[in-house]
Amino acid sequence: MHPLSQKESHVVLYRVVNGCRLQLLHRTKVDDGPVLALAHFQGRLLVGIGKTLRLYEMGKRQLLRKCELRGLPTMVKTLQATGDRAYVGDLMHSIQFVRYDSMANRLVLFAND
């Protein structure tokens with residue numbers, strides 16, 4: 001087997017202009033692994049980067065890192081978000097349930113299979 005490898009990854013955001021054109025907003029470099037999943041989460045962007053789940057907020061020049069949850073068992077492949085919870089699917093077909101604690105500004109893993 002050949003492990004997944006990359007030199008660098010980016011999260012690239014575009015805006016749709018007049019329903020037909022794309023305008024580049026941000027290109028933010030991430031160093032922790034491949035970006036395999038993105039989800040809208042409470043007005044922010046939840047990103048699965050390798051074995052890390054990270055929450056970003058929009059800045060003027062790039063995305064701003066707000067908080068992250070490191071050390072998930074395998075790479076994040078899918079994300080679903082509702083309310084203050086996120087459901088994280090990984091490459092080994094497992095699911096982790098994550099809650100966002102807004103008072104402490106942190107992502108908390110509260111259940112997995």
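Four strands form an open sheet in the order S7-S8-S9-S10, with antiparallel pairing; strands are DSSP runs of E of at least two residues, numbered from the N terminus, and two of them pair if DSSP finds at least two bridges between them. Strand S7 (76–82) and strand S10 (106–112) are the edge strands, each pairing on one side only. From one strand to the next, the twist averages 25°, where axes are lines fitted to C-alpha atoms and angles run from 0 to 180 degrees between N-to-C directions. Strand S9 (residues 95–101) and S10 pair in the antiparallel sense over six bridges. Asp-101 stands opposite Arg-106 in S10.

The model is predicted: local features need pLDDT of at least 70, side-chain atom pairs count only at pLDDT 80 or more, and totals for chains, interfaces and linings use all residues. Residues are numbered from 1 along each chain as its sequence is written, and side-chain values use heavy atoms, with hydrogens and water left out.

The charged side chains come next. Side chains of opposite charge can pair when their charged atoms come close. A salt bridge is defined here as a side-chain nitrogen of Lys or Arg within 4 Å of a carboxyl oxygen of Asp or Glu, and the count by this rule comes to eight. One of them joins Glu-8 to Lys-29, with the closest N and O atoms 3.3 Å apart. Because Glu-8 lies in the segment before S1 and Lys-29 in strand S2, this pair ties together parts that are 21 residues apart in sequence. Glu-8 is partly exposed at 44% relative accessibility, a class that lies between buried (under 20% relative accessible area) and exposed (over 50%), computed with a 1.4 Å probe and protein chains only. Lys-29 is likewise partly exposed, at 47%.

Glu-57 takes part in a salt bridge with Arg-44, the closest N and O atoms being 3.0 Å apart. This pair links distant parts of the chain, since Arg-44 is in strand S4 (residues 44–49) and Glu-57 in strand S5 (residues 52–58), 13 residues apart. Glu-57 also forms a salt bridge with Lys-66, at 3.7 Å between the closest N and O atoms. The relative accessible area of Glu-57 is 26%, which makes this residue partly exposed. Elsewhere, a network of salt bridges links Asp-32, Arg-54, Arg-65, Glu-68 and Arg-70.
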